[in-house]
Amino acid sequence: MDKETFIGKLNELLAEEFEVEVSTIKPDATIKITLALDSLSFVDLIAVIENEFGVKIPGQELKDFKVFSQLYDYIYERIEQK
């Protein structure tokens, strides 16, 4: 899967799971604000990504990401390593 396809798929998945418009999920948008994440929904974010893409994400690492571009790069690198 190329990176552009991956990003589109992830954005659609997150928009559906967190009930936001896909158009609000942009590379430079803040993850926590855009998805209205609290500590419980943060766990949901990790679970959704792990289930869909088959990559393990330590919660502490994910908390360090501020914008979606960081999330895209991190997950895509792990997909490519599989």
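Visitor: Why is Asn11 called buried?
Guide: This is a predicted model, so every value is computed from it. The relative accessible area of Asn11 is 9%. Buried means under 20%. Asn11 is therefore buried.

Visitor: Where does Asn11 lie, and with which residues is Asn11 in contact, leaving aside neighbours within four places in sequence?
Guide: Asn11 lies in helix α1. Its contacts beyond those neighbours are Val22, Ile25 and Tyr72.

Visitor: What makes Lys3 partly exposed?
Guide: Lys3 is also found in helix α1. Its relative accessible area is 30%. Buried needs under 20% and exposed needs over 50%. The value lies in between, so Lys3 is partly exposed.

Visitor: Which residues does Lys3 contact, neighbours within four places in sequence aside?
Guide: Tyr72, Asp73 and Tyr76.

Visitor: How do α1 and α5 cross?
Guide: Their axes come within 11 Å and cross at roughly 120°. The crossing is right-handed. On the α1 side, the contact is made by Lys3, Phe6, Ile7, Leu10, Asn11 and Leu14. On the α5 side, it is made by Phe68, Leu71, Tyr72, Asp73, Ile75, Tyr76 and Ile79. By class, the residues of this contact are 10 nonpolar, one polar and two charged.

Visitor: What else describes the packing of α1 and α3?
Guide: The axes come within 11 Å, and α1 passes α3 in a right-handed crossing. From α1, the contact takes in Phe6, Lys9, Leu10, Leu13, Leu14, Glu17 and Phe18. From α3 come Ser41, Asp44, Leu45, Val48, Ile49, Glu52 and Phe53. Nine of these residues are nonpolar, one is polar and four are charged.

Visitor: How do you know that the length of α5 agrees with its residue count?
Guide: Helix α5, residues 68–81, has 14 residues. At 1.5 Å a residue, α5 should span 20 Å. The end C-alpha atoms are 20 Å apart, so the two values agree.

Visitor: Which residues of α5 are buried, and what covers them?
Guide: Phe68, Leu71, Tyr72, Tyr74, Ile75, Tyr76 and Ile79 are the buried ones. The cover includes α1, α2, α3 and α4.

Visitor: Where are Glu19 and Ala36 placed?
Guide: Glu19 is in the loop between α1 and α2. Ala36 is in the loop between α2 and α3.

Visitor: Why do Glu19 and Ala36 count as exposed?
Guide: Exposed means over 50% relative accessible area. Glu19 has 74%, so Glu19 is exposed. Ala36 has 61%, so Ala36 is exposed too.

Technical notes
Residues are numbered from 1 along each chain as its sequence is written. This is a predicted model: local features need pLDDT of at least 70, side-chain atom pairs count only at pLDDT 80 or more; totals for chains, interfaces and linings use all residues. Side-chain values use heavy atoms; hydrogens and water are left out. Axes are lines fitted to C-alpha atoms, for helices over the stretch in contact, and angles run from 0 to 180 degrees between N-to-C directions. Helices (H or I, at least four residues) and strands (E, at least two) are DSSP runs, numbered from the N terminus. A crossing is left-handed if the near helix is turned anticlockwise from the far one by less than a right angle, and right-handed if clockwise. Contact means heavy atoms within 4.5 Å. Ala, Val, Leu, Ile, Met, Phe, Trp, Tyr, Cys and Pro count as nonpolar, Asp, Glu, Lys and Arg as charged, and the others, Gly among them, as polar. The expected span of a helix is 1.5 Å times one less than its number of residues. Buried means under 20% relative accessible area, exposed over 50%, partly exposed in between (1.4 Å probe, protein chains only).
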